[in-house]
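Subject: The structure we talked about

Hi,

Here is the structure for you to look through. Open it up first, and then read my notes below.

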Amino acid sequence: MHAIPHLMTLADLTGPQILRLVTHAHFLKQVSLPWLAPQFTTQGKRGQLRMPSQSLFNKSIALLFSKRSTRTRVAAETASVLLGGRALFLGREDIQLGVNESARDTARVIGGMCQGIFARVGDHSEIEEIARHSPVPVLNALSSLWHPTQTLADVLTLHEHAAVFDGQPIQETKPYKIVSLPKLRPLTVAYVGDSANVLHDMLVTYPRLGHSLRVATPPQPMYQCPEPVWKRVRELGCDKKIWWGSDPREAVKGADVVVTDTWISMGQEAEKEQRLKDFQGYQVTEQLCAEGGANPNWKFLHCLPRKPHEVDDEVFYGRRSLVWRESDNRKWSIMAAFDLLFGKWDITGERGLR
Ligand code: CP
Ligand code: NVA
C-alpha cells in the first residue's frame, strides 16, 4: 500500500525534485508541441513523432475550483487531453460543496470517481482538509498561502531564457527539436508587491535553486509574510538568501528578474481602496528599475491577470516582458505535475518513474 501523495506547496519537495519537475515539463512541452502544429497533420509525419506520456489514459481529474481562473483551468483541461485523460471543471456554482456538503464528504465522493483532484480554494486549511480525506492525490491550484504550479512555470520560463540575462536576444521556441533544459546561472530575483500565494512559493523555491530573492512589501503588518509560510522558509534555510524591506528601489538592486502580482488578491476586494493607497510607489516601471540599479538586461514576470497600477504598459508589453511565455508554460508545468502526481503517483521521483 502506498501513502497517497499530495502537493500543497513546493516546500513539500526538495530542490532537485523541483528541478526534476521543471525538466519534465520542458520535455513534455517539446514532445507535445508538434502534435498541436497543423504542419504535422499528415499521417507520415505524425508517425515520426514521439507520444507524450499517456498516464491519464481512461482517467478523470476533478478541477475543484471555488475561485475564478483562466490560465490554471485552461492549462489543466488542455494538458489532461495531451496526457490521454479528461478534466471535469467543478466550479462553486456547480456542486454541493460549501452549501449542502462538507469538504471532507466532497473529497471522498469525488475521489471515489476521479483519479486526482486539482483544487483552488480560499483559506489554505480547506485544501488541507480535502487532502486529509481524499483517496486520490490532491494538487494545490492556488490557496490563500501557496501557488506551486505558478512557480514551476516561472522557473521553466527562466531556464528557457537563461541567456537573456547576460544580453542575448530572446529566442523563439523550436518545437521540433528536443534539447535538454538550459542551465541557469544564479539570478537575483526581485519581487515588488504583496506577500501573497505567488510570492510564498517563490520564497521556498528560488533560494534552494541557487537564486537570491529581494522583496519589497509595504511596511504595514498585513503585508508581511504570514508566520506559517515564514516558518517553512526558515526550516528550509531559504531565509539566508532573502532580503526583505519596504523600499521597491532597494529591492530591484542588481535584479535580473522583476516580478509582481496583483495588489488585491481574489477575496480581498473589500480592501481595494486601502490597498491602492498602501501600494503607492510600488508600480514596476523602467524608471523604478533604473533608479534602483537593476541589471540593464532585467526581465519581467507576472502570474496574470494584471492591472496597470502594478506594472505600466511600457514594461508589461515591452521587450523585457516574458509574461506570455510564462503563461504558456502554465500548461507544461501543470502537465508535468499531473503526469507525475496523478498518472504515476511519483511526484518525488522515489518510484523512479519518468
Ligand atoms: N496565474 C493564474 O493562476 O491565473 P488564473 O487565475 O487565470 O488561473
Ligand atoms: N495572488 C493572486 C494570484 C492570482 C493568480 C490571487 O490570489 O488572487
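Which domains does the domain assignment of the chain give? The assignment gives domain 1 (10-146 + 330-343) and domain 2 (150-327). Before you go further, keep in mind that this is a predicted model.

**How the domains meet**

Taken over C-alpha atoms, the centres of domain 1 and domain 2 are 24 Å apart. At the contact between them, 28 residues of domain 1 meet 26 residues of domain 2. On the domain 1 side, the elements that give two or more residues are helix H1 (15-32) and helix H13 (323-343). H1 gives the most there, with ten residues. If you sort the residues on that side by type, you get 16 nonpolar, eight polar and four charged.

Then have a look at the largest nonpolar core, which has 97 residues. The members that touch the most others are Ile117, Ala190, Val257, Val258, Met335, Ala337 and Phe338. H13 gives the most to this core, with ten residues. Why does the core lie between the domains? Domain 1 and domain 2 both give residues to it, so that is where it sits.

Leaving aside neighbours within four places in sequence, Ala190 is in contact with Arg214, Ala251, Val252, Ala255, Val257, Val258 and Val259.

**The two ligands**

Start with ligand 1. Its surroundings are Ser69, Thr70, Arg71, Thr72, Leu142, Gln150, Cys303 and Leu304. By type, that shell splits into three nonpolar, four polar and one charged. Both domain 1 and domain 2 give residues to the shell, so ligand 1 lies between them.

Which residues surround ligand 2? They are Leu142, Ala196, Asn197, Val198, Asp261, Thr262, Ser265, Met266 and Cys303. This shell divides into five nonpolar, three polar and one charged. While you are there, notice that Leu142 and Cys303 turn up around ligand 1 and around ligand 2.

**What the record says**

The UniProt annotation, from an unreviewed entry, reads "domain: Aspartate/ornithine carbamoyltransferase Asp/Orn-binding" and covers residues 187-340. In the model, the end C-alpha atoms of that span lie 28 Å apart, and the span is 38% helix and 14% strand.

Find Asn140 in strand S4 (residues 138-140). Is Asn140 buried or exposed? Asn140 has 28 C-beta neighbours inside 10 Å, and the cut-off for buried is 20 or more, so Asn140 counts as buried. Setting aside neighbours within four places in sequence, Asn140 is in contact with Leu7, Met8, Thr9, Ala119, Ile127, Trp146 and Pro148.

Now go to Ser321, in the loop between helix H12 (313-316) and H13. Ser321 has 19 other C-beta atoms within 10 Å, so Ser321 is partly exposed. Apart from neighbours within four places in sequence, Ser321 is in contact with Phe300, Val315 and Phe316. The C-alpha atoms of Ser321 and His302 are separated by 8.7 Å, and the two are 19 residues apart along the chain.

**Some backbone details**

A few spots are worth a click if you like backbone angles. The peptide bond from Leu304 to Pro305 is cis, with omega near 0°. You will find Pro305 in the loop between strand S9 (299-302) and H12.

Where is Asn58 placed? It is in the loop between helix H2 (43-48) and strand S1 (60-65). Asn58 has 9 other C-beta atoms within 10 Å, so Asn58 is exposed.

Trp345 also has a positive phi in a residue other than glycine, near 50°. Trp345 sits in the segment after H13. With 19 C-beta neighbours inside 10 Å, Trp345 counts as partly exposed.

Cheers

Methods:
Residues numbered from 1 in each chain as written. Chains lettered and ligands numbered in written order. Predicted model: local features only at pLDDT ≥ 70, side-chain atom pairs only at ≥ 80, totals over all residues. Near = placed C-beta within 6 Å. Nonpolar A, V, L, I, M, F, W, Y, C, P; charged D, E, K, R; others polar. Domains from an automatic or database assignment. Contact = placed C-beta atoms within 7 Å. Helix = DSSP H or I, 4+ residues; strand = E, 2+ residues; numbered from the N terminus. Core = buried A, V, L, I, M, F, W, Y, C linked by C-beta atoms within 7 Å. Buried ≥ 20, exposed ≤ 12 C-beta atoms within 10 Å, placed from the backbone. UniProt positions renumbered as here; feature names shortened; annotations may be inferred.
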